[in-house]
Amino acid sequence: IPVRIEGDILHGRGSVDAKGPLASFVCAAAQLGHDWAVENDVRLIVAGAVEEEAATSKGARAVRDRLTNVDACIIGEPSRWDRVTLGYKGRIQIEFEASRTMAHTAGPERGIGADAAALWSHIEQHCNDWNEDKPKLFDQLMPNLRTITTDSGEGFAETVQMMISIRTPMNWDADAFQKQISDWVAARFDQDSDQESGALKFKGLEPAWRGERSSPAARAFLSAIRENEAKPGFVVKTGTCDMNVVGPAWNCPILAYGPGDSSLDHTPEERISLTEFLKSISVLEAALRRLPSLLKS
């Protein structure tokens, strides 16, 4: 992928997410060195996980399943060099397919696309009801109609395919939601009919996850950022990352950190300041030096 440097700025796709954080982790680990790890009885692993942007997250799942005794985890995600990210919303994806024997458009029958639209409206209303008393985005359900396609090309059937993605909050009952939506679809479609069918699939389910502000990892980074003459800050993100995969399994002190402005991710303006990149290496190195003693205290 081509990159270019203009003054202090490096331009290029992936420079913020996630090449910048990964490069800063590698540099910080190299600066700590083997002798420091031996002296402090530390095994420091830097993992470059593939498919971080995909619901399958193969890299994170492979690391999660291979490592079962993890004392702390730092996820490489852009948060700016002077902030740490404590949590990420969860996610669930809904795939819906339906077909019905074609009827004349001048007749009273609803088109199959209208039923798919009704399902989207039902899910959207469910989310609106949940969000009514929750002003913070991190606590809300955030639905997104990703695709909807109808077809009446071959034969005498019309079909529809739809995919919905929902960003989910902490303490949300995914099982109850899936049952409610499944019951709605079952009531709308006669599964024993030869003339119509409706199939629902839930996938990509990841729970929201949030680390503690007072954890050893958080305290190590707060001190390291202050040491670099900045006021540290905490953020939570409405997206989903590998923290959602490994957090529930390892249940250890966890946060995300990395240089860069996440609002530039996957945009034509993606770029990272080299000054910020170098500061993030200093913060990472200082935080990791503190972390072993904080974990033991």
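This is a predicted model: local features need pLDDT of at least 70, side-chain atom pairs count only at pLDDT 80 or more; totals for chains, interfaces and linings use all residues.
**A threonine in a loop**

Thr-240 lies in the loop between strand 10 and helix 6 (243-250). Is Thr-240 buried or exposed? Its relative accessible area is 17%, and because buried means under 20%, Thr-240 counts as buried. Its side chain takes part in two contacts, which the table sets out.

| Atom or group of Thr-240 | Partner | Distance |
|---|---|---|
| Side chain of Thr-240 | Side chain of Arg-167 | 2.5 Å |

**Strand 4 and its partners**

Strand 4 covers residues 83-88, and five of these six residues are buried, so the strand is largely enclosed by the rest of the structure. Strand 4 runs parallel to strand 10 (residues 233-237), and five bridges join the two. With strand 9 (residues 209-210), by contrast, strand 4 pairs in the antiparallel sense, over two bridges.

The largest nonpolar core has 26 residues. Among those with the most contacts inside this core are Ile-74, Val-84, Phe-221 and Leu-255. Helix 1 (15-39), helix 5 (216-227), strand 11 (254-257) and helix 7 each give two or more residues to the core. Which element supplies the largest share of this core? That element is helix 7, with nine residues.

Helix 7 spans residues 274-296. At 1.5 Å a residue, its 23 residues should span 33 Å; the end C-alpha atoms are 34 Å apart, which agrees. The helix bends by about 30° at Arg-290, and Pro-292 follows within four residues. At the N-terminal end, Ser-273 caps helix 7, with a side-chain oxygen 3.3 Å from the backbone nitrogen of Thr-275.

**Cysteines**

A disulfide is a covalent bond between the sulfur atoms of two cysteines. The structure holds zero disulfides. Cys-73 is buried, at 8% relative accessibility, whereas Cys-27, at 30%, counts as partly exposed.

Conventions. Residues are numbered from 1 along each chain as its sequence is written. Side-chain values use heavy atoms; hydrogens and water are left out. Buried means under 20% relative accessible area, exposed over 50%, partly exposed in between (1.4 Å probe, protein chains only). Two strands pair if DSSP finds at least two bridges between them. A disulfide is a pair of cysteine sulfur atoms within 2.5 Å. The expected span of a helix is 1.5 Å times one less than its number of residues. The bend at a residue is the angle between axes fitted to the seven residues ending there and the seven starting there. A polar contact is a pair of N or O atoms within 3.5 Å; within protein, one must be able to donate a hydrogen and the other to accept it, and residues adjacent in sequence count only if both atoms are side-chain atoms. A nonpolar core is a set of buried Ala, Val, Leu, Ile, Met, Phe, Trp, Tyr and Cys residues joined through side-chain atoms within 4.5 Å.
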